[in-house]
Amino acid sequence: MNTGKEAARGLTDIESFLYRHAHVQAARRRVTVFTTRVPGLTREQKADIESWYLREQTYVASMVTEHIATHVNEVQQRHRVRLTRWLRGTLTAMILVSMAMALCFAVLLQSLT
């Protein structure tokens with residue numbers, strides 16, 4: 001893998017980590033607010049609820065990140081296919097135009113002699 005690809009992969013990994021971290025931090029705030037509003041919970045019950053909720057939200061964040069990455073890869077693949085087709089068409093058109101110009105040039109030279 002070249003340096004550019006490694007750097008891109010590193011940036012993607014950092015972005016994924018930051019997304020998951022922000023998601024978990026927000027989940028931690030939400031569950032803390034929730035457990036403080038529910039009367040009668042013991043400290044142990046609050047800890048159990050918080051632990052379960054954070055595990056669940058970590059799983060959700062991973063699934064969302066995976067879904068986004070899959071979707072981005074699919075879009076990139078479709079873009080590559082479209083770009084390849086466009087380039088192939090452009091190359092074909094350029095070859096045809098070049099051949100037509102060469103033919104016109106040959107006819108022009110024939111008529112001058």
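This is a predicted model: local features need pLDDT of at least 70, side-chain atom pairs count only at pLDDT 80 or more; totals for chains, interfaces and linings use all residues.
Q: Which residues does Gln 57 touch, not counting residues up to four places away in sequence?
A: Gln 57 lies in helix α2, while the buried residues of α1 pack against α2. Among those buried residues of α1 are His 23 and Ala 27. With residues up to four places away in sequence left out of the count, the residues that Gln 57 touches are His 23, Ala 27 and Arg 30.

Q: What does helix α1 reach from its first C-alpha to its last?
A: Helix α1 runs over residues 3-37 and has 35 residues. At 1.5 Å a residue, the expected value is 51 Å, and the model comes close to it, since the reach from the first C-alpha of α1 to its last is 51 Å.

Q: How is the aromatic pair of Trp 52 and Tyr 53 classed?
A: The structure holds 1 aromatic pair, formed by Trp 52 and Tyr 53 at 6.4 Å centre to centre, with 50 degrees between the planes. Trp 52 is partly exposed at a relative accessible area of 47%, and Tyr 53 is partly exposed at 21%. Planes under 30 degrees apart would count as stacked and those over 60 as edge-to-face, so the pair at 50 degrees is tilted.

Q: Which element gives the largest share of the lining of the largest pocket?
A: The largest pocket has a volume of about 490 Å³ and is lined by 14 residues, of which Thr 12, Glu 15, Ser 16, Thr 65 and Ala 69 lie nearest its centre. The elements that give two or more residues to this lining are α1 and α2. By class, the lining has 5 nonpolar, 5 polar and 4 charged residues. The largest share, 8 residues, comes from α1.

Q: What distance separates the C-alpha atoms of Val 107 and Arg 78?
A: Val 107 has its place in helix α2, where it counts as exposed because its relative accessibility is 51% and the cut-off is over 50%. Along the chain, Val 107 and Arg 78 are 29 residues apart, and their C-alpha atoms are separated by 43 Å.

Definitions and conventions
Residues are numbered from 1 along each chain as its sequence is written. Side-chain values use heavy atoms; hydrogens and water are left out. Helices (H or I, at least four residues) and strands (E, at least two) are DSSP runs, numbered from the N terminus. Buried means under 20% relative accessible area, exposed over 50%, partly exposed in between (1.4 Å probe, protein chains only). Contact means heavy atoms within 4.5 Å. Rings of Phe, Tyr and Trp (its six-membered ring) pair if their centres lie within 6.5 Å; planes under 30 degrees apart count as stacked, over 60 as edge-to-face and the rest as tilted. On a 1 Å grid over the protein atoms alone, a cavity is a set of points where a 1.4 Å probe fits but cannot get out, and a pocket is an open set with protein on both sides within 12 Å along at least five of seven lines; lining residues have an atom within 4 Å of a point. Grid points are joined across faces, edges and corners, and a volume is the space filled by probe spheres set on the points. Ala, Val, Leu, Ile, Met, Phe, Trp, Tyr, Cys and Pro count as nonpolar, Asp, Glu, Lys and Arg as charged, and the others, Gly among them, as polar.
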